[in-house]
Structure formats: C-alpha cells, structure tokens
Amino acid sequence: MGRYSIVLKKTTCDCNPNNPCSGKYGACLDLKLVNKCNGACPFCIESGGYAPKDVQDPDKLAERINALKIDNLLILGGEPLMYEDIVGLVSKIRKGISIFITTNGSLLTPELAKKLSPHVKSMNISIHHSTSAKHKELTKVSLVGDVLYKSIEAFGRDKVRINCNLVKGYVDSKKEVEAMYEMVKRLGVTKIRFAELQKYPDLFVDAKKLFDGVPTDPFKNGCEIKIPKKGMDVTLRITCGIIDKKKKAVANPTGRNAQTQVMYSNGEVSDGWRTQGAVGLTGVQRIAPDTSCHVHNPRPRRQSSSAGCSRSGGGCS
C-alpha cells in the first residue's frame, strides 16, 4: 500500500478504528475484473499494476469468489462494465456477500442498471468535475447527462454515490466543491465522496484548503470524515503518512487489521495489490473512447427523495 519510515521510538501510533485499514469493512475482496478501460485518467492508481492476460468467465470467477470467506466484494477495473457478462457474474455471487461496483459511468444504461440493481448493494460512479467538458478533458470519458440520470434512477438513487478526486486544475477550490454539490443534486443523488490522491504529487490537492475540520493526523484521528452539508451525505477521504510521503510519517503504526484480498481477472488471489513485474500485461489497457457520444450537463430536474485502503480509495463502501 505504500512505503513508510520506521521510526526507532518506543511509542506506537494506533490506527483509528473507523479507518478502512483497521478492518472497518470486515473481510473484503477487491476484484480487478478487467484490465481494459475506455478512459485515461492521469491519476489512475492501477498504472503499473499487475494485469494478467487471461480473463475467466462468470461461472469460474463466481465459483472462486463464493469459496472465499468474505463479507464484501468490491468490483473494480479497468472499467468493470467492459466485462463480457457483468450481470451474469453478480447474479451468481452467493447470498451473504455484499457487492459494490466502482465505475466511470460511461457504459451505464437504464437497462443495464435495472439488471444490476437486484444483486448490487451500492454503485460508486467516478465523476471528477462538475462540467462534462472538463471531466472529459481530465479523464477522456464522455458522460451523457440524460442517460446517466435515467440509469441512476433505474438502479436506485439511494444506492448510488458519486466519487470525486481532488485534482489540481479541476476540483481544487471551495468554489469547485460547491459546483460538485450542485451537479450531484441535478443527478438526483445525495451521496458524494471526495478523496485526496494516493499518488501523483503534481496533481495533489490538500483537502485542508477546501474543507474545515480536516485532521492533521488521519492515521490516528480518522482518514474518512463526514463533511456537514444540509440534505447531503458527504464523505472526505484523506491520505496519511503511510501512503503519502509528503505527510508526517506514522511512527510504529499498530491496529492495521484489514483483511482485504485481491482477485484478478484470471482468478488469482493475493493478499494486497500486486505491482508490475509479474508475468502478463502491466497496468490498464487503454481503449480509445467513443467520440461519437456528445457530452452535456445533466439537465436540472426535481430531486428525488434521499438517495486495507482499497484501490478505489474507499474500502468496500
């Protein structure tokens, strides 16, 4: 998850019990379902990650997943909706496992969302700017507002959260944060999570400049905090000295009891995320985005009623 300095002191620093790396989310499995993506985010955390060539079919993957003693399954990519049969996979996961999906939303349709909804507890949609044009400039992903709005409605607004990374030149001011709130409301969603980048220092934005009450020691005082905002459920995820070398190093950290395992597209399972150097492709295979899709802001509509550090930056939630 990143290197940290060992400080030769007798004191220790206990992990906040509400931090993901404390084991807050129980026994989790992060599933890197595919290695390809139709976006090209410059802050992709899987850049240089392990990417085996083989991709197993839904039956084999489900069989392997169901054999594991896990509480939560977080489906990632690449872009997981590029998998050949995502509905077939989630429909085969045994009862007792809560399924979460993180997607860039560009391939989501009302029909697909409706089929996923009975099997998936929650969906995180990554949107990193309040305007479609700037979002596309950053991620190379086209979002059609009306399609996304209807897809969220079909899936269930109360089960959707928007994930937004704080990125220099994009969401890096209080004004941009407020604009994100308004965009989320137009989608009829009430949940949003902002997050500091885990690497890429040139794009890093310090959350303390945008939000009040951000702890100076997130390892001890909490790396996931609630931000007060009337009518909304707002979470802020900040980095600590274990994964961010710019921040104060954590001396003799204790209490990191997370049980996150990682499964790759070929069915391999490892304790923690593997980096490049393993046999196979490395990183995420970029697929040229569909330039035929016109982008525009979702049109304003009446809002419906409420709606260890994982690669998604938010654990199994």
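1. Glu153 counts as partly exposed, because its relative accessibility is 47%, where partly exposed lies between buried (under 20% relative accessible area) and exposed (over 50%), using a 1.4 Å probe and protein chains only. The side chain of Glu153 meets that of Arg157 in a salt bridge of 3.8 Å, N to O, the term being used for a side-chain nitrogen of Lys or Arg within 4 Å of a carboxyl oxygen of Asp or Glu. Arg157, at 6% relative accessibility, counts as buried.

2. Please keep the origin of these values in mind: this is a predicted model, in which local features need pLDDT of at least 70 and side-chain atom pairs count only at pLDDT 80 or more, while totals for chains, interfaces and linings use all residues. Residues are numbered from 1 along each chain as its sequence is written, and side-chain values use heavy atoms, with hydrogens and water left out.

3. By the salt-bridge rule the count comes to 8, and side chains of opposite charge can pair when their charged atoms come close. One of these salt bridges links Glu137 and Lys134 at 3.3 Å, N to O, and both residues lie in helix α4 (residues 132–139), 3 residues apart, or about one turn of the helix. Another joins Asp233 to Lys226 at 2.6 Å, N to O; here Asp233 is partly exposed at 29%, whereas Lys226, at 56%, counts as exposed.

4. The strands named here, like the helices, are DSSP runs numbered from the N terminus (helices H or I, at least four residues; strands E, at least two), and two strands pair if DSSP finds at least two bridges between them. An open sheet of 10 strands has mixed pairing and the order β10-β11-β9-β8-β7-β6-β5-β2-β13-β14, with β10 (224–227) and β14 (269–270) as the edge strands, each pairing on one side only. Within the sheet, β6 (residues 98–103) and β7 (residues 122–126) run parallel and are joined by 4 bridges, and Phe100 stands opposite Ser122 in β7.

5. Which residues does Leu73 contact, leaving aside its neighbours within four places in sequence? Leu73, which is found in strand β5 (residues 72–76), is in contact (heavy atoms within 4.5 Å) with Leu29, Leu31, Ile65, Ile93, Ile97, Ser98, Ile99 and Phe100. Leu73 counts as buried because its relative accessible area is 0%.
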